[in-house]
Amino acid sequence: MNQENLFYQLTPDFVMDAVENAFARTTGEYLQLNSYENRVYSVRLEDREATQVIVKFYRPQRWSETAIREEHAFLDELQGQGVSAIAPLQQKNGSTLSLHQGLWCAIFPKARGRMPQEFFADDLTSLGRVLARLHNVGSARPSRERPILDVEHYLMPALEIVEPMVTPMLQERYLHAAHAIIDFLDDELDPSTFQRIHGDCHRGNVLQTDEPGKPKEYFLIDFDDFGMGPIVQDLWMLFRHDEDDFDEELDAFLGGYTELRDFDESQLRFMEPLRGMRIIHYAAWIARRWSDPSFPQIFPQYGSDAYWLDEVQALEKVVAQLE
């Protein structure tokens, strides 16, 4: 069985064997967690505390070993600097990464937290401090093997995949909007200012501690899209311009962020075009993953006329913001 087919059909025995070979004995109890890109499980260990760990199998052919190790090194660096992030555990081989039947495997401590249902002003101020600390560490050195979130490396390859798939009657509108976004980013976005960022910092990747008698703390998970990009990439997914309280939420966030790090508010003009770049990239990502049996089930409307109409309207809304 090739690596791709194996990845699509991981069994409980495969997961337990990987954990026991790489880390520690298990009780056999496990739970598959939501993850489109990788395969992630919560596994209980056979120790006195009945510890649970998170086991992550990386999708084959997505990252090189060097790129994965760079992600792990960044997480370790963040944790060492007091940033609220979860670094992988050292395995029996003395590394944070092991190969099990051709699949790269990492094991993380299980974080005790929950996804916030909503953010109040104080919460956003706290989260701003977390992102500022992350960006302070990220600015210390560049990434060598991770993706670059710009037009050349991120948007244009995605558009090449998507263009022939768009419903013919909508293709002209789609391309007009896409190229308006490309032109804006080409003219305005300076890659020399890029630094290491989370890359996929939406609210679903923010957890809060929930221990009685202790103040809430926020931490970030899922650094699978960690790479080089503008710092505002880590902001726009937390907010939407069309929400009535956008200005108040952003002010609260930046109030915490600027306690620890300067922020050039002219960077906020990139929030909408970066959203547009993400829309195009996301459509291409689904196309790239369509051979994964789970994707047609997760995205049943993908490729339909209704799907592309929604995409066109979303891009045109971004362009309207630019104008």
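Guide: A residue counts as buried when its relative accessible area is under 20%, as exposed when that area is over 50%, and as partly exposed in between. The model under discussion is a predicted one. Phenylalanine 299 has a relative accessible area of 15% and is therefore buried.

In total, 25 aromatic pairs are counted. Phenylalanine 74 and phenylalanine 226 form a stacked pair, at 4.5 Å centre to centre and with 10 degrees between the planes. This pair links distant parts of the chain, 152 residues apart: phenylalanine 74 is in helix 3, and phenylalanine 226 is in the loop between strand 8 and strand 9. Both phenylalanine 74 and phenylalanine 226 are buried. Tyr36 and Phe299 also belong to a cluster linked by ring pairs, together with Tyr282, Trp285 and Phe295.

The charged contacts follow. Side chains of opposite charge can pair when their charged atoms come close. The count of salt bridges in this model comes to 20. Among them is the contact between arginine 39 and aspartate 292, at 3.1 Å from N to O. Since arginine 39 lies in strand 2 and aspartate 292 in the loop between helix 9 and helix 10 (294-298), the pair ties together parts that are 253 residues apart in sequence. Arginine 39 counts as buried because its relative accessibility is 7%, and aspartate 292 counts as buried because its value is 1%.

A further salt bridge joins arginine 62 to aspartate 225, whose closest N and O atoms are 2.9 Å apart. Arginine 62 sits in the loop between strand 3 and helix 3 (65-80) and aspartate 225 in the loop between strand 8 (218-220) and strand 9 (227-229), so parts that are 163 residues apart in sequence are tied together. With a relative accessible area of 24%, arginine 62 is partly exposed; aspartate 225, with 25%, is partly exposed as well. Both of these bridges belong to one network, in which salt bridges that share partners join Glu37, Arg39, Lys56, Arg59, Arg62, Glu71, Asp224, Asp225, Arg289 and Asp292.

Arginine 25 and glutamate 46 also meet in a salt bridge, at 3.0 Å from N to O. The two residues are 21 residues apart, with arginine 25 in the loop between helix 2 (12-22) and strand 1 (26-33) and glutamate 46 in the loop between strand 2 (39-45) and strand 3 (52-57). Arginine 25 counts as exposed because its relative accessibility is 53%, whereas glutamate 46, at 47%, counts as partly exposed.

Finally, some charged residues form a surface patch. Glu243, Asp244, Asp245, Asp247, Glu248, Asp251, Asp264 and Glu265 make up a negative surface patch. Glutamate 265 lies in the loop between helix 8 (246-260) and helix 9 (271-288), and it counts as exposed because its relative accessibility is 54%.

Technical notes
Residues numbered from 1 in each chain as written. Predicted model: local features only at pLDDT ≥ 70, side-chain atom pairs only at ≥ 80, totals over all residues. Heavy atoms only, no water. Patch = residues over 30% accessible without salt bridge, like charges linked within 9 Å, V, L, I, M, F, W, Y side chains within 5 Å. Areas by Shrake-Rupley, 256 points an atom, 1.4 Å probe, with all protein chains shown as cover. Salt bridge = Lys/Arg side-chain N within 4 Å of Asp/Glu carboxyl O. Lys, Arg positive; Asp, Glu negative; His and termini not counted. Charge placed at Lys NZ, Arg CZ, Asp CG, Glu CD. Helix = DSSP H or I, 4+ residues; strand = E, 2+ residues; numbered from the N terminus. Buried < 20%, exposed > 50% of the residue type's maximum accessible area, 1.4 Å probe, protein only. Phe/Tyr/Trp six-rings, centres within 6.5 Å; stacked < 30°, edge-to-face > 60°.
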